[in-house]
Amino acid sequence: IELKSGILNIFLRTGVVFTQVDLWLGLSYCDGKWNEVTVSKEGSVISATMNELRDQALEPRVQQLKVNSPVFIGGIPPEIQSFYRELGLEQGFGGCMKDVKFTRGAVVNLASVSSSAVRVNLDGCLSTDSAVNCRGNDSILVYRGKEQSVYESALQPFTEYLYRVVALNEGGSVSSAWTHARTRESVPQNVPTPSRAHSINGYSIEVTWDKPAGVIGVIEKYILKAYEADGPAVPITSAELADAGMLTGILRGLHPFTKYAVTLTACTLAGCTESLHALNISTPQEAPEGVQSPTAISFPTFLLMSWSPPKTPNGIITEYTLYMNGIPIYSGNGTKYVVKDLAVFTPHQFLLTACTLAGCTNSSQVILFTAQLPPSHVDAPVLTVLDSRTIHVQWNEPVEVNGILDRYMIYMATNEQNFTKWNVIYNSTELFLDFTIPQLFPGTEYLIKLAACTGGGCSVSEASTAITDESTPEGVPAPKAQSYASDSFNISWTKPEYPNGIITSYGLYMDGVLLQNSSELSCYAYGLAPWSLHSFRVQACTGKGCALGPLVEARTMEAAPEGMVDVFATVDESIEVQLKWLAPNKPNGKLTYTVLVTGLFYADQ
């Protein structure tokens, strides 16, 4: 289809058949108004119509027309012009187009379906001067001078302009070919508020709007944004709609039972503009999300149940239902409930249902136990004496544990402490049923009792008694010998540090001779010489044997010497005498001597 020199030419080729229709228009279309052009093929008749003018051609050989390639309107791209040399291929169409239709289909939105556009306004003309400019020879001088470039301003947005340069001198002029340039689009102005919105469900809404008026350029896309009514000025969700011909869109990702303010944003290639005002809408309620399992404070025979609201209520909670072992036991608006008359440490399955007017949601199932108690009864342990220092302890698991058995403990007391102090000698979570107690004292009576523990506490058995086998004593003390007269000793001693049994007798040895053998802890030795040295040692005996203590030595007290002291005098010089003497027959102690002299003493004058 070509418009050239006032003639609308229609060229149709199907197969080898070529048909042409020429409709004379003159300059009737250069009136600044819209002109409707219709080209049709009905059977063998090809016709062309513009406004009230019409022409047609009859070609019986014409074949059925099938279009299976891109449709070019207003010109042919340079890359395929070589395939259609029989066409005039004049400069492409420059002007305005709208409401393009094919057959009986819908109106095509060229702005959204076209892959490229050159020298054409696709959404209507922006000025009414086409009545002059469409003739092609009425141009406006924009520059005169010697420069080789010019900047032109104050142009209309998104408008196609034709330029050519005329170079002239006194000898004449030469003109360039026409070249085209399009100004860029402007940012949309006065974007309207969405006209209507209705909820599809609690998570999405459908929004309808009117096409913005006075947009200069092609609307590339619309953006719907939803803001929480009382929230921050940041959209919760948005939807980008690339099909600018659609005036309805769906916003998803919303929260149920929430007030939103919805805005419309229109975008051209130059930028986007959001509507100044918003459309308010509230999403409906939905079934709750994130229903949390109930929790409990456990007691031995009852559970104090409680639960928190759903993480996302999605509305007003109308009712909670608590299930135990699949049976509803509570319905209402409360968040606490006491489950009574339960067995000790017994598992129960619980599930919570939360409901709004839109529906109900279950929590995950949880198993909760009543609290533990100490075991009902613990049997006394069975004791076996292995030797003089070892006792083997055995016991049975309690019949009624009342929980999870956590540990066993063994307490022990001895007769040395009058059974008043109990020491823990075994404490283990390894649930063995026996234990060997080492490093005990021989011949000692022990009381041993067992404790079995759960998370609810411990129960202690009655005490069992065992006596380790006797052994020879250990730590027999040294005796203490004290002399209060020159012929006797008072000797005393204490019990062995480790009797290792029952002491049957104590033996006292003096100078290697057994002086006394009895259960006494003292002895009196007499008839001894004054200042005489003696050795003493204590022997302690059990049924298994005897042991000696260390040896000590002591002397009796001193007495007056007995006998005469014989003195011998020898004159050495005129002024010296040497004295010698013999000790008494019985010194009876440690002697010291005193020499008494009477007479005249020599002195130098």
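These legends walk through a few close-up views of a predicted model. Local features need pLDDT of at least 70, side-chain atom pairs count only at pLDDT 80 or more, and totals for chains, interfaces and linings use all residues. Residues are numbered from 1 along each chain as its sequence is written, and side-chain values use heavy atoms, leaving out hydrogens and water.

**View 1. The four domains.** Here the chain is split into domain 1 (2-112), domain 2 (295-369), domain 3 (382-468) and domain 4 (480-555), with bounds from an automatic or database domain assignment. Between the C-alpha centres of domain 2 and domain 4 there are 83 Å.

View 2. Strands are DSSP runs (E, at least two residues), numbered from the N terminus. Strand 34 (residues 445-454) runs antiparallel to strand 35 (residues 457-460), and 4 bridges pair them; pairing takes at least two DSSP bridges. Look for T454, whose bridge partner in strand 35 is G457.

**View 3. A nonpolar patch on the surface.** V565, V567, V571, V577, L579, W581, Y593, V595, V597 and F601 team up here, with about 960 Å² of accessible area together (Shrake-Rupley method, 1.4 Å probe, only the protein chains shown counting as cover). Strand 45 (567-573) and strand 46 (576-581) each give two or more residues, and strand 46 has the largest share, 3 residues.

**View 4. V565 up close.** This patch member sits in the loop between strand 44 (552-555) and strand 45. V565 has a relative accessible area of 39%, so it counts as partly exposed (buried is under 20%, exposed over 50%, partly exposed in between).

Notes
Patch = residues over 30% accessible without salt bridge, like charges linked within 9 Å, V, L, I, M, F, W, Y side chains within 5 Å. Salt bridge = Lys/Arg side-chain N within 4 Å of Asp/Glu carboxyl O. Buried < 20%, exposed > 50% of the residue type's maximum accessible area, 1.4 Å probe, protein only.
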